[in-house]
Amino acid sequence: MPHPCQSCGACCAAFRVSFHWLGLASAGGAIPDALAEPVDKHRMAMKGTDARNPHCVALQGAVGTQVSCSIYGTRPDPCRDLLPAWENGQASPQCDRARQRYGLPPLMPEIWFESVSL
């Protein structure tokens, strides 16, 4: 069974992903400049996420079906910090809200037992 995030992607299409401008490749970070836009003097956002209907430019595929991140290895800290519900044994209200926005059921603790046992 693949990781539940690979068939979801809702968080990438539900929230603004903002980070300090030092995260940009041109400033010594790893996030490609072309994928970011300014939010204010110190913060950048992944293109597509600072909108009424956010959708990160790095998200590939269809939310709720099959997705991937084109910059997964160098994704911003907010992306790294948002864990799917129950992956670490704790609920994730952000994950639940994002999934609900796309009509997906919340992840339950059992999903992690299923993915480990296969």
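**Figure 1. Ser92 sits in the loop between α1 (77-81) and α2 (93-101).** Helices here are DSSP runs of H or I with at least four residues, strands are E runs of at least two, and both are numbered from the N terminus. The model is predicted: local features need pLDDT of at least 70, side-chain atom pairs count only at pLDDT 80 or more, and totals for chains, interfaces and linings use all residues. Residues are numbered from 1 along each chain as its sequence is written, and side-chain values use heavy atoms, with hydrogens and water left out. Ser92 is buried, at 9% relative accessible area. Buried means under 20%, exposed over 50%, and partly exposed in between (1.4 Å probe, protein chains only). Not counting residues up to four places away in sequence, Ser92 touches Leu82, Leu83, Pro84 and Ala85. Contact means heavy atoms within 4.5 Å.

**Figure 2. Trp86 has a positive phi of about 70 degrees, although it is not a glycine.** Most residues other than glycine have a negative phi. Trp86 lies in the loop between α1 and α2. Its relative accessible area is 28%, so Trp86 is partly exposed.

**Figure 3. Leu59 is found in strand β4 (residues 59-62).** Leu59 is buried, with a relative accessible area of 9%. Leaving out residues up to four places away in sequence, Leu59 touches Gly9, Cys12, Ala13, Val67 and Ser68. Ala10 is 49 residues from Leu59 in sequence, yet the C-alpha to C-alpha distance is 9.8 Å.

**Figure 4. Phe19 and Met46 touch the most other members of the largest nonpolar core, which has 14 residues.** A nonpolar core is a set of buried Ala, Val, Leu, Ile, Met, Phe, Trp, Tyr and Cys residues joined through side-chain atoms within 4.5 Å. Beyond its neighbours within four places in sequence, Phe19 is in contact with Leu24, Ile31, Ala36, His42, Arg43, Met44, Ala45, Met46 and Pro76. A second, separate core of twelve residues includes Cys8, Ala85, Ala98 and Leu107.

**Figure 5. A search of the whole structure finds zero disulfides (pairs of cysteine sulfur atoms within 2.5 Å).** Cys12 is in no disulfide; its nearest cysteine sulfur is that of Cys11, 4.0 Å away. Cys12 is partly exposed, at 25% relative accessibility. For Cys69, the closest cysteine sulfur belongs to Cys56, and the 6.3 Å between them is too far for a bond. Cys69 is also partly exposed, at 27%.

**Figure 6. The largest pocket has a volume of about 770 Å³.** A pocket is found on a 1 Å grid over the protein atoms alone: an open set of points with protein on both sides within 12 Å along at least five of seven lines, where lining residues have an atom within 4 Å of a point. Its volume is the space filled by probe spheres set on the points, which are joined across faces, edges and corners. The lining of the largest pocket has 34 residues, and Cys5, Cys11, Cys12, Tyr72 and Cys79 lie nearest the centre. Helix α2 gives the most, with four residues. By class, the lining divides into 24 nonpolar, five polar and five charged. Ala, Val, Leu, Ile, Met, Phe, Trp, Tyr, Cys and Pro count as nonpolar, Asp, Glu, Lys and Arg as charged, and the others, Gly among them, as polar.

Definitions and conventions. On a 1 Å grid over the protein atoms alone, a cavity is a set of points where a 1.4 Å probe fits but cannot get out, and a pocket is an open set with protein on both sides within 12 Å along at least five of seven lines; lining residues have an atom within 4 Å of a point.
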